[in-house]
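Dear colleague,

I am passing on the structure below, together with some notes on what turned up when going through it. Please have it open while you read on.

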Amino acid sequence: MAGYRRQLYRDDAVVLRVQKLGESDRIITLLTRRHGRLRAVARGIRRTTSKFGARLEPFGHVDLQLAGDPKGEHGSSLHTVSQVEGIDLYGKRFLGDYPRYTAASAIAETAERLTPVEREPSLRLFQLTLGAIKSLAQGEHATTLVLDAYLLRGMALAGWAPALTACAVCGTPGQHRAFSVPAGGAVCPDCRPPGAAHPAPATIDLMSALTTGDWVLADATETGVRRECSGLVAAHLQWHLERALRSLPLVDRGAPAATAVPPPVGAVAEADGVNREKTE
């Protein structure tokens, strides 16, 4: 539109990923509080003289001033970062901690997949994502529990929550022993399709606890139950997304942290962002 002047507006956001642009810029993918997911160019951020380069790293909670149309009705879909202040740069706490870094990466990728339309407000998903990353940073609970709780609640927001307290097919109440991802969750003996899984009752209890926030029960579960829960949650999510998440296979689900050597945060985030752009 001739004569259109880009407006300035503020919002706070979680940095989901970054990717290189040209010699000194980056494209930052953000999940904002009031404007949903959007992408913005941070010019000169890779120069050593950049004033806010360290503030726009993955998993940080930042306050930004952006130039562009927040509704996307005029101009480019890419906004421009004109100012940024760090509220809490959680990513710095994950340096040297491979399990938390990979879990945070899976959370960020899931948040991006659950917001397919840019600039569509999603306050509850923003709050959920910020809360999960904050919990990882503070080490309140086991890393895999935080991740699976996030995935289950994210699916609930998207309308994909697995049935856990009633049959996914006929609605018969009760805790049923079979679980079918294509059917939508737990299924009764009459509705059980071929190939349905038969998880331990404690696994279904754990999924319910993570969905409702019963951390007393969740924290008391054994490693085997958590592994089985993670497998069902990941399968259910990727069935509805209709594509695999690149970060999920990298999540450390029990190996000693001392034996895992994390890759450089910025390098991996940028490389992963570039690879995603090539495949999309």
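Two strands are taken to pair if DSSP finds at least two bridges between them. In this predicted model, strand S1 (residues 8-21) and strand S4 (residues 60-67) pair in the antiparallel sense over seven bridges, and leucine 8 stands opposite alanine 67 in S4. Helix H2 (residues 123-138) packs on the sheet, where H2 touches S1, S2 and S4 and has a direction at about 60° to that of S1. The strands form a closed barrel of five, in the order S1-S2-S3-S5-S4, with mixed pairing, and the twist from one strand to the next averages 50°. Helix H1 (residues 98-113) lies across S1, S2 and S3, running at about 115° to S1.

Turning to the charged side chains, the count of salt bridges comes to eleven. One of them joins arginine 39 to glutamate 118, with the closest N and O atoms 3.4 Å apart; because arginine 39 lies in strand S3 and glutamate 118 in the loop between H1 and H2, this pair ties together parts that are 79 residues apart in sequence. Arginine 39 is buried, at a relative accessible area of 19%, whereas glutamate 118 is partly exposed at 23%. Both belong to a network of salt bridges that also links Arg37 and Arg119.

Arginine 226, in helix H6 (residues 223-241), is buried yet has no salt bridge, since its nearest side chain of opposite charge, aspartate 219, is 5.2 Å away, and a salt bridge needs the nitrogen and oxygen within 4 Å.

Technical notes. Residues are numbered from 1 along each chain as its sequence is written. This is a predicted model: local features need pLDDT of at least 70, side-chain atom pairs count only at pLDDT 80 or more; totals for chains, interfaces and linings use all residues. Side-chain values use heavy atoms; hydrogens and water are left out. Helices (H or I, at least four residues) and strands (E, at least two) are DSSP runs, numbered from the N terminus. Buried means under 20% relative accessible area, exposed over 50%, partly exposed in between (1.4 Å probe, protein chains only). Lys and Arg count as positive and Asp and Glu as negative; His and the chain ends are not counted. Axes are lines fitted to C-alpha atoms, for helices over the stretch in contact, and angles run from 0 to 180 degrees between N-to-C directions. Contact means heavy atoms within 4.5 Å.
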